[in-house]
Amino acid sequence: MPAAPTTPNESKRLAALRSYNILDTATEEDFDELTELASAICSTPIALISFVDKDRQWFKSRHGLDVTETDRALSFCAHAINSPTEILEVENAKEDKRFMDNELVTGPMDITFYAGVPLVDISGAALGSLCVIDSVQHKLNSSQRKALKTLARQVIDKLELRKKVLELDNSRKRIKRLNELLLAKEREATQIIEHTPTAMALHVGEDMEIRFANKMMLGAWGKDERVFGMNFKDALPELDKLDFPTTMRQVYRKGIHYEQKEAHMLYMHYGKLKEFYYNYAFTPLKLSDGSVWGVLNTAVDVTDIVKSRIAVERAEEQLRLAVQSAQLGTWSINADTYEFNASDRTKELFGFLPDEDITYESAVNQITEEYRDKVNSTVETAIKENRGFDMEYAITGLHDGKLRWVRATGKLYAADDSKAALFSGTLSDITERKQDEQRKNDFIGMVSHELKTPLTSMKGYLQIIGQRANKLGDAPIADFTKKTQRQADKMQALVTGFLDVARITEGKIQLNNDVFDINDVMRAAEDEFSVSCKGANITFRLCDSLLINGDKDKMEQVLINFINNAIKYSADEPEVTITCTKAGDNALVTVSDRGIGIPAADIPYIFDRFYRVENTHVKMISGFGIGLYICKEIIEHHGGTVGVQSEPGKGSDFWFSVPLSKQPINNTSR
Ligand code: ADP
């Protein structure tokens, strides 16, 4: 017997059949009722619901038959499905050429009669048939045929229904699984958020419901846990203007991460309008299939950082303006390579053109010879020892040859990750001040010089007048002469001081060196003050012999100056103590008073030329501010140092220290 040819769209038909998930399933009452009905209506002992698989026919319901499946090649149904719209009715298979050799006809199944209605689903695929079978010949009447067709439709209906129920069940299971997954994910996310030291919140749904937020995020919002479960808009009306939900919704829908850096926000925070800067991000939370189930909201408060950066930027701008208006030049030197960076103004002060390259060496070359080495070595030590730099020096301009005086101040800025250590600072033009000073010095020097000779002869004459008056016993004249002599002495001290300043400025200070005991200087001062200063209580505390190699008279001048000041800047009964001690390899002499003291702000300048403290106490006391300057120069020419500790209203300790001599007294010749 020829097997039924396969249907023209067999693979599609098989796919449709598989989609019902019916093959090899257990028997179902619904289907069994239909085969029972079919067998009753058609008066046949056997009725089957048969599905034609690739190589077999399988019976979902079999009324009156034990076999569950047969070979497709033997199948009557395989024939039936080739004409999906018709009933295949074989009244007597034993006489029908198509079936007479069929095992099912000749064998124990002994089929004689067969009538099958193709089971065609809504897509048009013929899946199998509802058939009735008998071992005796039959012929269906029209109502039996009609009933069989109706039952076949019912089989299909039940099949469709069963498929839908199965699908529904599957999707219910899927949803359940999804919900469980979401809950697990949410729990996981919540735990992470809770323990992360960054403000974080979890939002779900189109309205960005707040599922969870950690303490930091609640703090950033100025809210508490009552916002959980609320829509973003309702929970945070304060942020309405910033319209975060719209952005978050985009992230939710498109699954694309969104972030903003240093976003400026102004909103009511715990009842007060506050300004913030945030780095924030909205991250879509996805399932393994890529679908978004939530949005993670992360925010980092960078308000302090941004505000301090803005403050620094403002300060830099102000500094730039200040530098510009003060016509300051700026410069920097790379501490490792000495690469030199100069502003246009700095270039101008060195006599360079603005677009011209200027190196450290070429700049130093323009410094006048007198200062060049000093500047160079001071820069080197300042860089090496991380010291401040403050120097005044002269420059001859490269192109214009002009002599300019400048004050350069600088400081070392430590290296950081991105930059090497920089030694940088400013340069100001002090030419005018220097020229003024020069004129003043010249004038003082000249006047003092001119006064010196007449003053000396005036003092000589006064001495003679005094002697004569004494001889003649003219007491009043002798007294006037004495007073005039004292005034002349003061004038001479002043003139000597001015001449000293002029000499120092011109670098002409001369020392008559000798080895002597510092106590000799103390004793000389003691003699001087025992005669000239009766009102003051002056105590000298001498020390063990300390030998100094230097100019004894000049050192005496320094000590007398300190003591004079201690008396001058004290109240009615000055108390002055002078001590000398050995301090390491130095002799240290200190003059302590309980006078008016010096304000801290004045101390750094107190040894500068012409510097006087500007207050009412000092104004009442005459002076020119040159004494301490001369003292400092004298001591520094001895390789020593001077200094002061002072407290206003309590008194001052002026001191100088000079290196001890390495030679004994006897070996020294003048
Ligand atoms: P002068 O005394 O002529 O003004 P100096 O150079 O000797 O000049 O002193 C400079 C300034 O230092 C004084 O004007 C005064 O303001 C302050 N000064 C010096 N010695 C003392 C001291 N012992 N106590 C308080 N102030 C002092």
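Me: Which residues does glutamine 57 touch, not counting residues up to four places away in sequence?
Reply: This is a predicted model, in which local features need pLDDT of at least 70, side-chain atom pairs count only at pLDDT 80 or more, and totals for chains, interfaces and linings use all residues. Residues are numbered from 1 along each chain as its sequence is written, and side-chain values use heavy atoms, leaving out hydrogens and water. Contact means heavy atoms within 4.5 Å. With those neighbours in sequence set aside, glutamine 57 touches Ser50, Phe51, Val52, Thr68, Glu69, Thr70, Asp71, Arg72, Ser75, Phe76 and Cys77.

Me: Is glutamine 57 buried or exposed?
Reply: Buried means under 20% relative accessible area, exposed over 50%, and partly exposed in between (1.4 Å probe, protein chains only). Because its relative accessibility is 4%, glutamine 57 counts as buried.

Me: Which element gives the most to the shell around the ligand?
Reply: Helices (H or I, at least four residues) and strands (E, at least two) are DSSP runs, numbered from the N terminus. Elements giving two or more residues to this shell are α16 (552-568), α18 (627-637) and β23 (651-659). The largest contribution, four residues, is from α16.
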